[in-house]
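Hi,

Here is the structure I promised to pass on. Have a look at it first, and then read my notes below.

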Amino acid sequence: MSNSELDRVIVRPVDEYNQRLVAYVHPPNWVNPQPAETYDLVVIGAGTAGLVVAAGAAGLGLGLKVALIEKHLMGGDCLNFGCVPSKTIIRSARVVGEIRNAKSLGVNVSNQINIDFPAVMARMRRVRAGISHHDSAERFASMGIDIFLDSGKFTNSNTVEVAGKTLKFKKAVIATGARATKPKIRGIEQAGYLTNETVFSLIQRPEKLAVIGGGPIGCELAQVFRRLGSEVVLIHSGSHVLNKEDAEAAQIVQQALIRDGIRLILNAKVEEVVTVTEGKRLYFSANGCRDSVTVDEILVGAGRSPNVEGLNLEAVGVEYDQRQGVKVNDYLQTTNPKIYAAGDICMDWKFTHAADAAARIVIKNTLFSPFGLGRSKLSSLVMPWVTYTDPEIAHVGMYERQAKELGIDVETIKIPFSSVDRAIADAQEEGLLKIHHKKGSDKILGATIVAAHAGEMISEVTTAIVNNIGLSKLSSVIHPYPTQAEAIKKAADAYRRTLLTPRTKKILGLLTKLS
């Protein structure tokens, strides 16, 4: 990509906010530096993983020479097409949900909610632009990192070519991320469709929207657009949405989507899309029947594909798969020992916080382990995640089914939020907490939380697992009353009660009567 081509990097709509965004994360007049003689580390891709690796290496104070290559927008999916824009419009949608529930809380509001969709999207662009300086080319250049805005590819075992220049490296990191998978549906390319990379460019609300895929992205955005006024139909191949999650937890979210007015079509496969006068008609089969639905826009949220193209990985002996991405070992090392990978390009966990954690492993394994300071493993990570529907689902560790598949005897403690005082006061009794522990032990194996702010609660359980803190210790932790996080203490107390012998219970019963 030449400097003249840099001028054509555009994020739509072209307003003051997106112009400010681009000015930070892909400045149109950026001049790539002259390469150093040799780089200690060359990083390809400036999403979360790439930024953390580059900044971490440069910030060690060891005088390391680091180069960072990005062909599109610094900040990657998280800033530009993922976490930041999606959570910003989720906030607006949650306000709508609160207003609609207000009457049940004794607050009377107008039946007519005036949703200004262009204003919602403008706020998102303003917030995104306001955050973007953290990932800016200038900020990372100020750290002493050489920033190259162009496509990079390997040319041999220790060189990368970018913008006609050759960068020689001692170690390299592939952090090129992933993109929305192209759907294999007849006619959909001609009809046109949205993904997470294009949906945030909308300035007008689609009156009718079809969402293909009932995973986290599909469910989050289906609920958002429904609450912001679109008629939404969600078409999913599974028997229930979020089919990788705990089935009972997923059912709670599914009922919330139905309550919001989303039409769910399950066990379905979209076979064809045809452009008609009324819009875009999707033909699908579901439960043995063929039917169709006509909408204004289609949003595809069905999977991610790794960005392995154009890197010339064959030239440096880096094995990869078009679906799974770059192959790495537990140390995030590729089949070329000089080259590592991190983030969506090589991991099943496609989360910003997972990319951040993996990047820290790469820093240690590329820069410290050669000096005998130990190596870190991807398998050692305890990874929580959250689906930001309303209510949210948060999970960490094993599911009950996974423990059983591994031959681990597991017991599950379930706390319905209908027994948590703060949840009752908040009119959010439909949530739950499940904690799985090893049978005969207080060792926590995993947990699932369904609550309005489950993502804020899961870290307590994650901390316990990471530090090998069992349910007995959690039982002694004082939780403020009333809070929804008190459900965790209730679960821990429930475990402690299982330790009481019949004789102890009898004595406690007598003491209670005497008091």
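Predicted model: local features only at pLDDT ≥ 70, side-chain atom pairs only at ≥ 80, totals over all residues.

Leaving aside residues up to four places away in sequence, Q484 touches F417, V420, R422, A423, D426, Q428, A451 and M457 (contact means heavy atoms within 4.5 Å). One of these, D426, also has a polar contact of 3.0 Å with Q484, side chain to side chain. A polar contact is a pair of N or O atoms within 3.5 Å; within protein, one must be able to donate a hydrogen and the other to accept it, and residues adjacent in sequence count only if both atoms are side-chain atoms. Is Q484 buried or exposed? Q484 is buried, because its relative accessible area is 12% (buried is under 20%, exposed over 50%, partly exposed in between, with a 1.4 Å probe and protein chains only). You'll find Q484 in the loop between α15 (471-475) and α16 (486-498). Helices (H or I, at least four residues) and strands (E, at least two) are DSSP runs, numbered from the N terminus.

Residues are numbered from 1 along each chain as its sequence is written, and side-chain values use heavy atoms, with hydrogens and water left out.

Now the strands. There is an open sheet of 4 strands in the order β10-β9-β8-β14, with parallel pairing (two strands pair if DSSP finds at least two bridges between them). β10 (263-265) and β14 (297-300) each have a single partner strand, so one side of each has no neighbour in the sheet. Inside the sheet, 5 bridges link β8 (208-212) and β9 (231-235), and I212 has I235 as its bridge partner. Helix α9 (216-227) packs on the sheet and touches β8, β9 and β14.

Elsewhere, β4 (152-156) and β5 (159-162) run antiparallel, joined by 4 bridges. A hairpin connects them through 2 residues, and F154 stands opposite V160.

Last, a helix pair: the axes of α2 (16-25) and α6 (117-131) come within 8 Å and cross at roughly 25 degrees. Axes are lines fitted to C-alpha atoms, for helices over the stretch in contact, and angles run from 0 to 180 degrees between N-to-C directions. The two helices are therefore roughly parallel (angles under 35 degrees; over 145 is roughly antiparallel, 65 to 115 roughly perpendicular, the rest oblique).

Cheers
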